[in-house]
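Colleague: I am new to this one. Could you walk me through how to read it?

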Amino acid sequence: MKNKQNIEDIFRSEFEGFTQKPSDKVWNSINKKMVGPRFESLYHNAFKGFKIVPAEQTWRRIATALWFNRFIHFSPFHFNIYYLGLILTAVVGTVVTVNNNSNMDFIRFNDKFANAEKTKIQQIENESNKLDIWNLRNSKPNYFELSNENLDFEKLDKATNQTENIVEQDKTILYKTKEQEADNQDNRNLYQVKEQEVIEQNINDNTNPIGQTQKEIIANNIANINENQEEIVQNPPNITYFKLNKLIRNNIFTLTYAPTAFDIADKVIAGIPQLDVITYDTLGVDYKGNPIISEKSYFALDIFFNPFLQNYNNALLNTELQANLDIYNKNITPHLSFSAGIGVAYSYNKFRLETGLAYQQLHESFSANINSYETSTHNYYNYFNDEVWESYTILILDIDEFIQGNIVYIEYNDSILAIVPDSTLVSYTDSILVNKDLNINDTYHFIDVSLVGGYEFDLGKFSVTPKAGLITSILVAKGGQYYDISQNDVAEISNCPDTKFMFDYYGAINLQYKIGKHFAIYIEPHLRGDLNSKYQKSYVISQKSIKYGLKTGVYIKF
Amino acid sequence: MPDLLEIIAGCKKMEKRAQRCLYDMYAPLFLGIAFRYSKSKEDAEDILQESFVKILTRIDQYSETGSFEGWMKRVLVNTAISHYRTSQKHDFHKDFDNIAETNIENYEVDSSEFTRDELLNSINKLPPGFKVIFNLYAIEGYKHREIAEMLDISVGTSKSQYSRARALLQTKLKTLKIEKTSGNKISEK
């Protein structure tokens, strides 16, 4: 049967609903391309409206930071660091003012004034019991009263219209404390000062002769004439100063002793009898018949600072990288470094054993000029036409209604695929050869634990001690800069934790000068060498250094 | 089989299962359409793949007021046109212009005279520009105004080119019919 049709109808009817089965690879390709959008959608949906309550600890940290921020900024309405500063200033100011008020009825034993050397008392001593300044302080004699009838100064003060020098020998001034006075009015002869000389100078003012009179009293140093003590006293006893004119004017004064740092240290050490284990040997007698004594054993506390320089000895563990080692050797420069710490020493019959703990900071720099490839990113816009479906609505006049006299519009919605010119940013990377100057500074932080032995050659106030030993260094951190190959540039690194045990031999000559029974200062030129590499085993370079330093410090013997 | 609306909702949430369902539903039909615009099955599958990626990633743009299938077909046809444009090294406008005028007559064909493969083969033998316009107008049912917008040509060009494509196709079918008739006679002898 013939079925004549228009050509369009034939094709339309043949291909209406015409299907073909696609191969499996089509869906696989679509599926692969949809992984990205699915992933984005997953996170978009998962975190849409997502909220999380911060932990209490987080809020506390924020609150602390806010409080601190508030505290360090000034505001008249809340307490802050400026108010704290004002309060501290007021307190300190008050204390300082009170202590420096010349009208106050107390003096400081170590007050410095213009004619100090002319007004001095070397020591006050009890008649029956030796009383040095330290004991005087410990016994807390709060008040001394100078009774005018016992002072020869009164007689001198009255001779106001002339300038004269009076020297009197072996005068005795009697002192007593208020407490003792209260106990027994008659018992006045408790403290005795032997007056060696009294000098009056420059009496120029008639109206206030006492205030302008300068007198000097030098009391006997009882310690020097005490036969039991003189063998072990190597230094003159402490000299104590006070203003005599003020002492005379006020008569009553408070003993406020302000010893020097060495006084305090000496007395503190001396005040711990169980640690005062310095023992002496009598080696013989000198030509005067005095015994020659020498330290037999002692403990010592060692506080030191040790600047040093170093040389690197670098070795290559992978021979293929000889060029790298050459560059490294050429450009690495060790710099002045230091260590500082505290140690303990024990000496017996001149043999000394020392151990200590120190912080060591090692500096080096690496300066090089290198050629390297530097990558750069270029961006350009790739323009294309994007397809967007745009919806639109048109109103069609309803003709049926229109011919009936009504105007009614029929709403018709449709959409049209619009071609929208758009662009996308395309990036590509390229590389160029660049020349760069690298300047890198490194710092290594170590903790040193030392064990050193030596023998001391005693030369009186001087001694020489050759020493040798082993130092264990623990690398705890390193900082500074390093060359970041991925960035092709120098990058900062601040105290990156790293651990490495190092062992060093140590040789030195200790040159000591004794400045007292308990104190000695020293310098110690030394040589120190690494027994193992500073770098980890994974490094292709092994580095051992030899350090040359001059250690300086103080021994506190007890 | 889930409801189409459920599938669309699932696709909007980027659910793989829903996307697969949509693909299974429409991929054979769309491959049939894409086949008419391309030179080979591989090209047609490329168009299908590209179209589905566009559909699945831009499904949010579907306003749900019109036909979903129509929206998808439109995406497919536009993709086929883009594909056609990029595959033409020369300016594709010339493809429409350089075809000589053909004697156009109203030619009616008996549908039983040709198989579907023969018809498809005759379309594929058309110059690419003619093939696109013929497909769009005769089979997809687009109007010349829409075709002109799609191909960025004038409405007049669309009409004239369609006429030429149609005439060329008639000629090809006539020739094919003659060949088939003579072939049959030879075989009868």
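Colleague: Read along the sequence, which pattern does chain B follow?

Modeller: Helices (H or I, at least four residues) and strands (E, at least two) are DSSP runs, numbered from the N terminus. Chain B reads α-α-α-α-α-β-α-α-α-α, with nine helices and one strand. This is a predicted model, where local features need pLDDT of at least 70, side-chain atom pairs count only at pLDDT 80 or more, and totals for chains, interfaces and linings use all residues. Residues are numbered from 1 along each chain as its sequence is written, while chains are lettered from A and ligands numbered from 1 in the order in which they are written.

Colleague: Which residues touch the most other members of the largest nonpolar core?

Modeller: Such a core is a set of buried Ala, Val, Leu, Ile, Met, Phe, Trp, Tyr and Cys residues joined through C-beta atoms within 7 Å; buried means 20 or more other C-beta atoms within 10 Å of the residue's own, with C-beta atoms placed from the backbone. Here the core has 48 residues, and B:Ala34, B:Ile133 and B:Phe134 touch the most other members. Helix H2 (residues 16-37) of chain B gives the most, eleven residues.

Colleague: How many residues of chain A are in contact with chain B?

Modeller: Contact means C-beta atoms, placed from the backbone, within 7 Å. By that rule, 36 residues of chain A are in contact with 38 residues of chain B. H1(A) gives the largest share of chain A's side, eight residues.

Conventions
Two residues are in contact if their C-beta atoms, placed from the backbone, lie within 7 Å. A residue is buried if 20 or more other C-beta atoms lie within 10 Å of its own, exposed if 12 or fewer, and partly exposed in between; C-beta atoms are placed from the backbone.
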